[in-house]
Each structure stands twice: as C-alpha cells, then as structure tokens.
Amino acid sequence: MEFLILAWRQGTRRQYECYLKKWLHKCKIDNVDPVHPSLDYVLQFLLASYKEGLNYSTIGTIRSALSSIITLDGKPVGKHDTVCSFMRAVYQERPSIQRTVTWEVNDVLTFLKTLSPVHSLSLELLTKKTLMMMAILSGQRGQTLHVLRKELMDVSDKEVTFYVREKLKTSKPGRHYPEIKFKSYSVDPDLCVVNCINTYLKRTEQYRCSEESQFFLTYGGSHYECSRASISRWIRDILIGAGIDVCKFSSGTTRAASTSAAKMVCNMDTVLKAGGWSCESTFTKFYNMPIKPKCAFQDGVMERFQKKT
C-alpha cells in the first residue's frame, strides 16, 4: 500500500492522508482488513463521518480515499451502486452548491494599470503586479507559476518563454505542459507583461546568487525563493486592491476568471491548450463560468435618487 501511495500527487496525498489514517485506525481496533472490508463496514464508516457533521464535498474526499485502496465486486468501492446511492442521499441532505460565476478580469486589469509606471514601483508592488499579469494572461494555476525558474526561460523585448520541467497537476505519462509564452503588448506599456517580467528580472538580479534560481523571490529583508503560499497571498492582495470580494473568490479562482474571459474571444482549442486541458468537458464543468454581472438596475435606481438629492 505504501508504494501505491507514491502514485499520488502531493496535494492528493495531503488530502487523503488524514482520512486514511482514521480508516486504518478504526480497522485496527475492529480487527478488520483495511483493504478487504465488507460493504456494510465501509457504509458504516461513511455514515459515521456524516453524523460528525461533515459536508458532501468532504465525504466525497473520504470516498475517493477509500476507493484508492479498496475494491468491491471488481470496481473501486466509491463506484459501488450502494455507495453511490449513499452519496446521493448525503447530497440531498447537505447539498454542495458550486460557485456559478466568477469575477471580471477587466476590473483587475484596470487596477493593475494604476500600478505604474512599472520601473517606479516598489519591489513588493512590482512582484505582485508581475505575478497577477502572468496569472491572468497564462490561465495557469498558482502551482505552475511557483515552479517557474530563471534558468529555464528565454527573454527578449518582444517575448518571454518559460520552460516547465517540474511535474504539474495536469502532467501525465506522455503528456506534459512544456512551455508558457508571454508576448509584449505595445498598445499599453503599463499592461505589458513582458515589460513587467523584464523589469522584475533587472530589479531582482542583485538578490540572485546564481543563474539557477526560482523566478519569484520574496521581497522582504531577505530575498528567498518564495513559497507556494506566498503566491496565493500575493494574488489575493491584488484581488483585494481591485475590489474583488475575497470571501467569495479565492486566489485559485484566477484560472477560471481568465480562461472564462478568454473564451469570449478565443476559440476553444486555444483556451484548452493554454489551460493544459485535454478535453473540453473538464473546462466546461469546473472553469467556464459567466462573469459576475453588475447590479445595473439597482445602480440606476440609486443614481436617480442621488441626482434628486
């Protein structure tokens, strides 16, 4: 079992680990084989989780964790008809309503434009602006932006190309996202991602001990290679600055927002390639969302009132 766990990505491992430990502990107490339990025993475990107050999504994670080690009737336990019926019952009682809209990319770009000129920004603002521009214009996860490295990039005044060598969430045997390209935007230098990247490289050159370094560095007193959590926090700071409600939209929603915006003007193949999706159904189900509408009617009524007063 320990060797099979190596097939999981780190994020999956972290997500499953606590529930599998709980499962193994219960099986040990009850003297039950954790890999070959009865269907009734699995259902009792899931029901106990439900009675603890866990929501549909969390119980779904537990089901997936158990499915990774348990097979019943020739199929993963999570796909057993009875387990599927149990999950439908959980959904009826504790529905998990997915987010149906995303934020307007133009609002964030408008805010980023105010952070100019680029060469005059503090290192903190330059870092955050460069990161957010790259996130919006690549449609990539924060994980991907975090692993970008200085020695694995080609730079010019017109174009910047990053070559990704790390395993990503979408990496599979025979399929890997090889490179990310950014082109200059001559229409508005304040919103030119290539300009941001080149300026950032020049500003951080003195803090890099060698050519081999992570692209994004911390901007405090010590300029270390940043953590994955820092990437999320910096994106969140920009969202707050742009007036986006971060209680509703986390830093991870940047991918959905940018690709949903791109779909309005690009063909589907372009969007799928940029996001690293192999099929349209994944994008459609989890990322393609309408932009959150403005309250035009309400604003109009209140504007009329303000004019009267």
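**View 1. Ser 213 and Arg 208 meet through their side chains in this predicted model.** The two side chains are joined by a polar contact of 3.0 Å. Ser 213 sits in the loop that runs between α9 (193–204) and α10 (228–241). Look around Ser 213 and, leaving out residues up to four places away in sequence, you'll find it touching Arg 149, Lys 150, Glu 151, Arg 208 and Glu 225.

View 2. As for length, α10 has 14 residues and should span 20 Å at 1.5 Å a residue, so the 21 Å between its end C-alpha atoms agrees. Just after the helix comes Gly 243, with a positive phi of about 85 degrees.

**View 3. Helix α7 is mostly covered.** This helix takes in residues 123–138, 16 residues in total. Of those 16, 13 are buried. From first C-alpha to last, α7 reaches 22 Å, close to the 22 Å expected at 1.5 Å a residue. Once the helix is over, Gly 139 follows, and its phi is positive, near 70 degrees.

**View 4. Ser 116 and Pro 117 are joined by a cis peptide bond.** Omega for this bond is about -5 degrees. Most peptide bonds are trans. To find the spot, go to the loop between α6 (105–114) and α7, which is where Pro 117 lies.

**View 5. Helices α3 and α5 pack side by side at an angle of about 15 degrees.** Their axes are 11 Å apart. Angles under 35 degrees count as roughly parallel, so α3 is roughly parallel to α5. The contact is made on the α3 side by Leu 39, Leu 43, Leu 46, Leu 47 and Tyr 50. On the α5 side, the partners are Thr 82, Val 83, Phe 86, Val 90 and Glu 93. The crossing of α3 past α5 is right-handed.

**View 6. Ser 49 is a buried residue of helix α3.** The helix covers residues 39–51. Ser 49 counts as buried because its relative accessibility is 2%. Setting aside neighbours within four places in sequence, Ser 49 is in contact with Leu 54, Ile 59 and Ile 62.

**View 7. Asn 31 and Asp 73 each have a positive phi without being glycine.** Most residues other than glycine have a negative phi. For Asn 31, phi is about 55 degrees, and the residue is placed in the loop between α2 (10–30) and α3. Asn 31 is exposed, with a relative accessible area of 71%. For Asp 73, phi is near 55 degrees, and the residue lies in the loop between β1 (71–72) and β2 (75–76). Asp 73 counts as exposed as well, because its relative accessibility is 68% and exposed means over 50%.

Methods: Residues are numbered from 1 along each chain as its sequence is written. This is a predicted model: local features need pLDDT of at least 70, side-chain atom pairs count only at pLDDT 80 or more; totals for chains, interfaces and linings use all residues. Side-chain values use heavy atoms; hydrogens and water are left out. Helices (H or I, at least four residues) and strands (E, at least two) are DSSP runs, numbered from the N terminus. The expected span of a helix is 1.5 Å times one less than its number of residues. Buried means under 20% relative accessible area, exposed over 50%, partly exposed in between (1.4 Å probe, protein chains only). Contact means heavy atoms within 4.5 Å. A polar contact is a pair of N or O atoms within 3.5 Å; within protein, one must be able to donate a hydrogen and the other to accept it, and residues adjacent in sequence count only if both atoms are side-chain atoms. Axes are lines fitted to C-alpha atoms, for helices over the stretch in contact, and angles run from 0 to 180 degrees between N-to-C directions. Angles under 35 degrees count as roughly parallel, over 145 as roughly antiparallel, 65 to 115 as roughly perpendicular and the rest as oblique. A crossing is left-handed if the near helix is turned anticlockwise from the far one by less than a right angle, and right-handed if clockwise.
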